[in-house]
Amino acid sequence: MELIITEKDNAARRIADILSGGTADAERRNGVDVYEWGGKRCVGLSGHVVGVDFPDEYSDWRDVEPVELIDASVEKKPTQENIVSTLRLLAREADAATIATDYDREGELIGKEAYELVRGVNEEAPIQRVRFSSITENEVREAFDNPEDLDFDLAAAGEARQIIDLVWGAALTRFLSLSAGQLGDDFISVGRVQSPTLKLIVDREREIRAFDPEDYWELFADLAKDDTEFEAQYFYRDEDGNEAERVRAEDAADEADETLAAADAVTVDRVNRRTRTDAPPAPFNTTQFIRAAGSLGYSAQRAMSIAEDLYTAGYVTYPRTDNTVYPDDLKPTDLLDEFVGHREFGDDAESLLERDEISPTRGDEETTDHPPIHPTGEFPGAGELSDDEWEVYELVVRRFFATVADDATWEHLKVVASTDGLSLKANGKRLVEAGYHEVYPYFSTSENYVPDMSEGEALAVGDVRLEEKQTQPPRRYGQSRLIETMEDMGVGTKSTRHNTIEKLYDRGYVENDPPRPTQLAMAVVEAAEEFADLVTSEEMTSRLERDMTAIAEGEATLDDVTDESRGMLETVFDSLTDSREEIGDHLRKSLKADKRLGPCPECGDDLLVRRSNRGSAFVGCDGYPDCEYTLPLPNTGKPLILDGTCDEHDLHEVKMLAGRQTFVHGCPQCKADEAGEKAVIGDCPNCHDEHDGELVIKQLRNGSRLVGCDRYPDCDYSLPLPRRGEIEVTDGRCGDHDLPELVVHDGDEPWELGCPICNYQEYQARESDSGTDLEALDGLGSKTAEKLVEAGIESLDDLTDADPVEVAENVDGVSADRIEDWQAEA
């Protein structure tokens, strides 16, 4: 019996289907699917099923000094017992084993972990390795026809990263958390890659805060040739002889404005015409894919999660790659032929095949492990992909089309005119040949029309506008730009950068998008800079990344690199230890500043956002236990304190982050004051006959709304209502329940909710019919639902009761924040 081991279950299912010709049977062992056919078995792991950790004697944060972790031994422990035990059981019965994990540093390490688990129970069976860049029939069969050996050097590089990240992360996280008294779920996280990335964000925020805007003026005029009007802008020559449009002195701007406004016409001095070639983009590597997906509104984590699902399903190649040059064995015409006749892409594929010569573009980076990201030529069936998955798949297809398309051609026309010593210019551009833009509609093709003219012509002057403006601070890094900057600095790898950014969100270091650092983030970076700047140094982490590459290439050993990193960390602790109390005070003040809403109305101390023992957020007084004043917050989403304050209570407003269900809660005091019962709408079906209970529309102190019995808590009958919008009680009545029909006014179109009982019954019926109710949540497609089910989350109830961090650790490509968003929506 041959045992085939893949990185994930969906890859195991796909490979088993390919190799068996669709005849494989699935059997569940210890909660793990095993696929069997013709003397072969295939099982999927769940990424790393073995992790590195310290021995148990180091687990108590209070009894172990963080510095002790630097030289502590590290051991491997199963992280998913059921999968490990299943693999061992199958390995005992195997005559041979094949590792078919992803081909990169992490995949090779996961393969080595599987190798060691097999060898632990079976010393005789030969073990081979297969590698592929797409899970398509041709590539998978060719890989299994040409097996190789496991690359132990590449796996050692991944293992070194695990050990270094564990030691650095655990030692520094414990030191800062203990110094600030932040234990439990609110610990202060520090990481080898995470900290330099956070410093990038903090440094940019410092630039923004320190920016001193300067006033300037720009002057525009509408010019006309015959009946055609176009806009021109005033300019002058600066000290270096360059064209400048910004006028720094208000007097000079007013003088130019008055002169131009008094003119009836300007004279054309110069007409320049030129054509410009607009070359198609290079093939996608991981960073450029994330950038393009970001322009469509996808976070880096979400984009990669979707790309990984598309890869596993066989529709795109491996999405973690630095390569921007297609390999020689990729024949663009053959791949285009696959798209001929496709309902969405067929016409574009045919038009590209009509070119005289098809020569794809090339980027600057060429590697030999994986090709650039491109479609495989296998297509998803109708309705198989969610809207998000289809949008990302189309992006990948069209990027490939663009790389084999013609150049675009632009025609530019620049006109310079003058009057009374003032110069004006107008720049027109027109797309002459669309080229690759016809198949890749993601770049702007906007045109600016300026009519053709000759030198010496007179142009009529119309409306003249003097606009006062201010210079703007540098923009915050968007996620894709941040990843590009990390790549340029050598911080992290193509496989880890998007996860690093997601961790910064999960740990409360950044908020919003583009990411903005919290006060805690500022404090952590300030403390590191003052007492141990190596922690936030990009040179340190990029040096270790280079060392790990050296391991992969056989030029260094795991022990050499991990010993070097421990030495660096000892240097860091030499600086930190003497300043422990000062660092703790600094962090505590910043933590409180992040949570402060405003003054307590009872004692004048600070009201802070706090968490109860059950994890729910509320507003409480910093003077507790002397002052017990509290205010509720919604149980939907994670609270974010906004800059705006309430005029009446001087409290910051609160926004609840809940994915697509995010909403502004407003002032917590105002919301609490608005609470109470509204209109009576009918009899309570639960208790009216016996106790005369009536249904009323209620607003709770945390901002939630519902239809509930006025005898609560003796009768807890209730029905949910939308949180937002004005609720109108109409004259129409439900024939079944004798309740009025409700309409919710929120936005342009009113939502006819109808009878609240009927509405809720219809919702329950829809969820029952759909089999699993997980896919009812926004952005949760069938692939992600499968992952959740594999992790034991089979329903909305399971999801609501789960620990977000634990689920995120077991479900690849889904963050804890994303889980919390879905829990809120559920």
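Tryptophan 217 has glutamate 468 of E15 as its bridge partner. The model is a predicted one.

**Paired strands**

Strand E15 (residues 458–470) is also joined to strand E12 (residues 265–278), in the antiparallel sense, by 3 bridges. Within E15, alanine 460 stands opposite alanine 265, and alanine 458 stands opposite threonine 267. E12 also pairs with strand E13 (residues 408–419), where 11 bridges link the antiparallel strands. In E13, tryptophan 410 is the bridge partner of arginine 276. In general, the strands of a sheet pair through backbone hydrogen bonds, either parallel or antiparallel.

A further sheet is open and consists of 3 strands in the order E22-E23-E24, with antiparallel pairing. Strand E22 (638–645) and strand E24 (663–666) are its edges; each has a single partner strand, so one side of each is left without a neighbour in the sheet. On average, neighbouring strands of this sheet are turned by 35° against each other, direction ignored. E22 is paired with strand E23 (residues 652–657) over 5 bridges in the antiparallel sense. Leucine 640 has lysine 655 in E23 as its bridge partner.

| Strand pair | Bridges | Sense |
|---|---|---|
| E12 and E15 | 3 bridges | antiparallel |
| E12 and E13 | 11 bridges | antiparallel |
| E22 and E23 | 5 bridges | antiparallel |

**Helix packing**

How do the axes of helix H2 and helix H3 cross? The axes of H2 (residues 81–92) and H3 (residues 105–121) come within 8 Å and cross at roughly 55°. The two helices are therefore oblique to each other, and H2 passes H3 in a right-handed crossing. On the H2 side, the contact is made by Val84, Leu87, Arg88, Ala91 and Arg92, and on the H3 side by Ala114, Leu117, Val118 and Val121. Of the residues in this contact, 7 are nonpolar, none is polar and 2 are charged.

Helix H9 (residues 300–312) and helix H14 (residues 497–506) also have axes that come within 8 Å, here crossing at roughly 135°. That angle makes H9 oblique to H14. The crossing of H9 and H14 is left-handed. Ala300, Gln301, Met304 and Glu308 of H9 meet His498, Asn499 and Glu502 of H14. The residues of the contact of H9 with H14 divide into 2 nonpolar, 3 polar and 2 charged.

Which elements do the buried residues of H8 pack against? In helix H8 (residues 286–295), the buried residues are Thr286, Thr287, Phe289, Ile290, Ala292 and Ala293. The buried residues of H8 pack against H9, helix H12 (387–403), helix H13 (479–489) and H14. After H8 comes glycine 297, with a positive phi near 100°.

**A buried phenylalanine**

Is phenylalanine 531 buried or exposed? Phenylalanine 531, which is part of helix H15 (residues 519–531), has a relative accessible area of 13% and is buried. Leaving aside neighbours within four places in sequence, phenylalanine 531 is in contact with Ser575, Leu576, Ser579, Glu582 and Ile583. The C-alpha atoms of phenylalanine 531 and leucine 576 are 5.7 Å apart, whereas 45 residues separate the two in sequence.

**Backbone geometry in loops**

Most residues other than glycine have a negative phi, and most peptide bonds are trans. The following residues depart from this pattern.

Asparagine 30 has a positive phi of about 55° and lies in the loop between strand E2 (25–29) and strand E3 (32–37). With a relative accessible area of 47%, asparagine 30 is partly exposed.

Asparagine 512 likewise has a positive phi, near 65°, in the loop between E16 and E17. Asparagine 512 counts as partly exposed at 32% relative accessibility. The loop between strand E16 (510–511) and strand E17 (516–517) also holds proline 514, which a cis peptide bond with omega of about 10° joins to aspartate 513.

Another cis peptide bond runs from tyrosine 712 to proline 713, with omega near 10°. Proline 713 is located in the loop between strand E27 (705–709) and strand E28 (718–720).

How values were computed:
Residues are numbered from 1 along each chain as its sequence is written. This is a predicted model: local features need pLDDT of at least 70, side-chain atom pairs count only at pLDDT 80 or more; totals for chains, interfaces and linings use all residues. Side-chain values use heavy atoms; hydrogens and water are left out. Axes are lines fitted to C-alpha atoms, for helices over the stretch in contact, and angles run from 0 to 180 degrees between N-to-C directions. Helices (H or I, at least four residues) and strands (E, at least two) are DSSP runs, numbered from the N terminus. Angles under 35 degrees count as roughly parallel, over 145 as roughly antiparallel, 65 to 115 as roughly perpendicular and the rest as oblique. A crossing is left-handed if the near helix is turned anticlockwise from the far one by less than a right angle, and right-handed if clockwise. Contact means heavy atoms within 4.5 Å. Ala, Val, Leu, Ile, Met, Phe, Trp, Tyr, Cys and Pro count as nonpolar, Asp, Glu, Lys and Arg as charged, and the others, Gly among them, as polar. Two strands pair if DSSP finds at least two bridges between them. Buried means under 20% relative accessible area, exposed over 50%, partly exposed in between (1.4 Å probe, protein chains only).
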